[in-house]
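This note is written for a colleague meeting the structure for the first time. Please read the points below with the sequence and the model at hand.

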Amino acid sequence: MTDVGIDAIEIWTGKLKLDLAETFAPEMGEDPEKYTKGLGLYASSFPDAHEDIVTMGANAAHRLMERKGLTPDDIGRIDVATESAFDNSKPVSTYIAGCLEQVYDEDFHHANKGERKFACISGTQSLDDAYNWIKAGRNRGRSALVVATDTALYARGDPGEATQGAGAVAMIVSEDPDLVELSTEQGYGSADETDFLKPNQQFPSVDGKRSMQVYLARMREALEDFESVAGDTHPDDYAFIPYHTPFPGMVRKAGLLGYRHMIRGTEYEDDLADAIDRQPREDEFDEREDYEEAIRDYMDDLKSTDQYQEWYGEAVDPTLDISREVGNWYTGSVHIARASALRHAAENDLDVTGDRLLVGSYGSGAQAEIHAETVQEGWREEIDALDVDEQIRNRYDISFEEYEQVHDRHNHEKTVEMEAFTEPSGEFVFTGRGAMDERVYEYVE
Ligand code: HMG
């Protein structure tokens, strides 16, 4: 059977930067280390006045198509994943196709377009849709364009405000991919939860602490479900484990939980037994509560062992480098975690061809999905082509007053005129609204 997976990716960050330690913390009356050490975030990306989910998505897609030498005829479907849509009927993918048609001679009339919604996990669900379409043989030799694009804003004063972000990831899904092949095996953990939702409103209603518990519970279910089809997981099996990253501190918790689960009953648990004893087993306890407390104590001990720290430093920490600088990109978040890990491999000259990744996606509401990926021969060239560092460096650093303006500008309930802080060049920009209140875009040379 043909290998199917991600052939190439491109990342587009919002062009503004809010420094959390320098700019945000003093205004919030918080210790900067709450953000840099506690949440693990240094900065958030925001869209400039002329940017939104369409421009960021279209710009990422355009660069990707140019780099891969693709034209609309090569693309058979455009799937957009977002939880920042501004229209309940017309999908963002039509706007993105419209933008791209401004710069190509061909059109996308032949392409199936849609929009996927399930909080942050819809980025991975869109990849799955594209994968299934190709595996089913319906693609007529064409590739799929998957775009995960979000402006992740919280209401001013919400604790989530520190985890905001904005950006897009565009991915080409194809046969014989250059970057990673996706496993057929998947595991799910899915339940009706009300920890984070946007009932016809732009900014989320969120119970932050509960959302973290739900994330961990669903991720654990998904891992067990994955193992039921793919066999037990072992830390040595995966070069990197990119997780959905609302903020790196969340992944620190998920990494610990995942490692404890993976080493249970293995030689790694035995190696640690002298230092921290063996993991508690549920059948050793009369009360579930006592068992859970014993597990928490074990995890506290496990966290500080050299064995765990070394694994975390190699397999998980490198997935967080980009996220630290840009915040939560919702649907794109797990996809920048993968890119971050592979970029780390490239920078450190690690040969990861043929290595496996275990990818943990998540969306509130809530669902986790685990699948594996195999790194392909062309990965290095694809990753070397990314200029995400330069984009991050070139962002305009906004003051707190400017941040307040930018937040208002992107608030759907406000109409705020604002001069852009950056000069667009070779990109799509938002220019205003048309007769039916549709959003209008043009390409600026
Ligand atoms: P908070 O209550 O303001 O923060 O909001 P906190 O007091 O819990 O502090 C955060 C961490 O910093 C803690 O670490 C503190 O100890 C530490 P922990 O104990 O958890 O390891 N800390 C410090 N460390 C060093 N020096 C200091 C210091 N002070 C504190 N001085 C919260 C945190 C995450 C709740 C908030 O940001 C929030 O509500 N965020 C939005 C919800 C969210 O991101 N949830 C994550 C799971 S759900 C998810 O991932 C889905 C999502 O992406 C949406 C979707 O799927 O669509 C959000």
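1. Is N200 buried or exposed? The model under discussion is a predicted one. In it, N200 has a relative accessible area of 75% and is therefore exposed, as this value lies over the 50% cut-off. The residue belongs to the loop that runs between strand 9 (196-197) and strand 10 (205-206). Its phi is positive, near 50°, although N200 is a residue other than glycine.

2. A positive phi also occurs at A119, which is not a glycine either; the value there is about 45°. A119 sits in the loop between strand 5 (112-116) and helix 5 (122-135). With a relative accessibility of 12%, A119 counts as buried, because the limit for that class is under 20%.

3. These backbone values deserve a reader's attention because most residues other than glycine have a negative phi, and most peptide bonds are trans. A366 is located in the loop between strand 11 and strand 12.

4. Helix 6 covers residues 208-230, 23 residues in number. From its first C-alpha to its last it reaches 32 Å, close to the expected 33 Å. Directly after helix 6 comes G231, with a positive phi of about 90°.

5. Several residues of helix 6 are buried, among them M212, Y215, L216, M219, L223 and F226. The buried residues of this helix pack against strand 8 (180-190), helix 7 (248-263), strand 11 (356-363) and strand 12 (367-375).

Terms used. Residues numbered from 1 in each chain as written. Predicted model: local features only at pLDDT ≥ 70, side-chain atom pairs only at ≥ 80, totals over all residues. Heavy atoms only, no water. Helix = DSSP H or I, 4+ residues; strand = E, 2+ residues; numbered from the N terminus. Expected span 1.5 Å × (residues − 1). Buried < 20%, exposed > 50% of the residue type's maximum accessible area, 1.4 Å probe, protein only. Contact = heavy atoms within 4.5 Å.
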